[in-house]
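Reader: Could you walk me through this structure, one feature after another? I would like the general idea, then the case at hand.

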Amino acid sequence: MMRRRRRAIIALLALVLVSLGGWSFMRDDAPTRSSDVAESGDDLPPPGGGSSSPPAEGDQEDAEAAATLPEDHPIKHIIYIMKENRSFDNYFARYPGAEGTTTGKTSDGRTVELSVAPDVQEPDLGHSFFDGLISINGGKMDQFDLVLNGDDLSGYSSFTREGIPAYWAYADNFVLGDHHFTSMYGPTFPEHLYTVGGQANDVTGNKLQTSSEGGYCDDPNETVYKFVDLSKKEQQEVMEAEERADTDRVGDFWEEVRACFDFEVIQDQMDEEGISWHYYADEGSWMNALLAIKHMRFSEHWGTDITPEEDFPEDIANGELAEVSWVVPGPGFNEHPGGPSVCMGENWTVGVVNQIMKSKYWKNTVIFLDWDDNGGFYDHVPPPHTDHMGLGARAPFLVISPWVKQGYINKTVTEPSGVLKFIEDVHGLDCLTHRDCNANSFVPIFDFEQTTSPKDRKLILEERSCEGLPRKIGMEYKKHGSDAFRALGD
């Protein structure tokens, strides 16, 4: 109750700030670049930039009403699936009606045609924090050829419907977000921290020690780079350097720390409110964010509410689906460049979505299907410069539920922290950071008054054969299954 009261106070203060023109809300659909920063993280501008002028009173009331979850909503289960390393243009640049493109810009001023993306992308492309700054280039989006392994332009590619038929079918029948951005410029580990905490503790990259899998709070020798505590002036300087893609100056504000943290995650509030949750990720996985949260790693939740991703289908079959679930597929099925097959990864998605649709849970479930970073692939839409961490380039994003609008393309600026906001809205929780506190609502993509029954919104798809994989790729799957390509942790 205290948390709900505190949340109401926060919302009231936000409205007061808006009326004074002191807080620019994330209401504009078009992303902007902004260098406005404040002293503390909670006072940073919201993701999406936009005008600092308050909306007209009537427009503001309409917007708030449209973004308010009705009390009698049917959503009882939220599933957040996080895959790996693809840009929106790589998957949906050719999708009809989406904000796509057929060409890309390079660092030498050329405009090149996007090639048809292959099922297996080799080698992996650079997608570190610095790669993100370089490729985005202050919003010019013209230096993706300068990332690691980007010089052959293999990152300037996009799939057709034939290459990812299931994902395009989900877009046809549910919701595709074409202004969904990654939380930050950098790679997997900090991106996954955003999915549980609305922040990454200013961590800018993956662990520096790569000789062993996993670790984080289990290994006192594993370290990462992060920003030092920045003053308002230093935040301004960092963001200006990011606009120039001045990686040397940005790096001046980094320090090396142990890869184990103890900040609040949304699961803490869910425990207090008695809301069931489950985090599915392999125990030693690079992608297991809660392995890096000390009070979660060494708690009663480990091995009970935090278990390998293979448990997810079993829990659905056994009628044990939690109210909120995070699902991180194994490396063989997460579509990471550098070896894994997109076809095999899409089949994994089809399998679990089919299972949910056939279960008793479908009628009251929403599935958020996301990709954690752009993987070095080209994207042409400049991200909002929300704070010194990002946002990063766009990623594919699908929302699947019997209650979302059919064939709807959501053009509102969103990022992974917005999924936390939806969880908070459904369960009456407090927001965690400036990211989820100011995130755009997902409520407008739903149609709770539709007359089509959930059983008529099912879309049971066939898995593909995935024939023609390169021999070494096929052997990797044959030997290791979902654990194929386990070394790819970034």
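Reader: Let me start with one side chain: is Trp-326 buried or exposed?

Author: First, a word on the source: this is a predicted model, in which local features need pLDDT of at least 70, side-chain atom pairs count only at pLDDT 80 or more, and totals for chains, interfaces and linings use all residues. Residues are numbered from 1 along each chain as its sequence is written, and side-chain values use heavy atoms, with hydrogens and water left out. Buried means under 20% relative accessible area, exposed over 50%, and partly exposed in between (1.4 Å probe, protein chains only). Trp-326 has 2% relative accessibility, so Trp-326 counts as buried.

Reader: How many aromatic pairs are there?

Author: In general, a pair of aromatic rings is described by the distance of the centres and the angle of the planes. Rings of Phe, Tyr and Trp (its six-membered ring) pair if their centres lie within 6.5 Å; planes under 30 degrees apart count as stacked, over 60 as edge-to-face and the rest as tilted. By this rule the count is 30 aromatic pairs. One of them is the stacked pair of Tyr-91 and Tyr-167, with 5.9 Å from centre to centre and 25 degrees between the planes.

Reader: Where do Tyr-91 and Tyr-167 lie?

Author: Helices (H or I, at least four residues) and strands (E, at least two) are DSSP runs, numbered from the N terminus. Tyr-91 belongs to helix 3 and Tyr-167 to helix 5, 76 residues apart, so this pair links distant parts of the chain. Tyr-91 is buried at 0% relative accessibility, and Tyr-167 is also buried at 0%. Another pair, Tyr-279 with Trp-326, is tilted, at 6.5 Å centre to centre and 35 degrees between the planes. Tyr-279 lies in strand 9 (residues 277-280) and Trp-326 in strand 11 (residues 324-327), so their pair ties together parts 47 residues apart in sequence.

Reader: Which residues do ring pairs link into a cluster?

Author: The cluster includes Phe-88, Tyr-91, Phe-92, Tyr-95, Phe-159, Tyr-167, Trp-168 and Trp-371.

Reader: How many residues does the largest nonpolar core have?

Author: In soluble globular proteins, nonpolar side chains tend to be buried together. A nonpolar core is a set of buried Ala, Val, Leu, Ile, Met, Phe, Trp, Tyr and Cys residues joined through side-chain atoms within 4.5 Å. The largest one here has 122 residues, and those with the most contacts inside it are Phe-92, Tyr-170, Tyr-279, Trp-326, Phe-368 and Phe-422. Helix 12 gives the largest share of this core, seven residues.

Reader: What does Tyr-170 touch?

Author: Contact means heavy atoms within 4.5 Å. Not counting residues up to four places away in sequence, Tyr-170 touches Val-175, Thr-349, Val-350, Val-353, Leu-398, Ile-400, Leu-459 and Leu-461. Tyr-170 is among the buried residues of helix 5 (residues 165-173). What covers the buried residues of helix 5 includes helix 12 (342-358) and strand 13 (397-400).

Reader: Is Asn-173 buried or partly exposed?

Author: Asn-173, found in helix 5, is partly exposed at 21% relative accessibility. Beyond its neighbours within four places in sequence, Asn-173 is in contact with Lys-405, Gln-406, Gly-407, Arg-457 and Leu-459. Asn-173 and Arg-457 are 284 residues apart in sequence, yet 8.2 Å apart in space, C-alpha to C-alpha.
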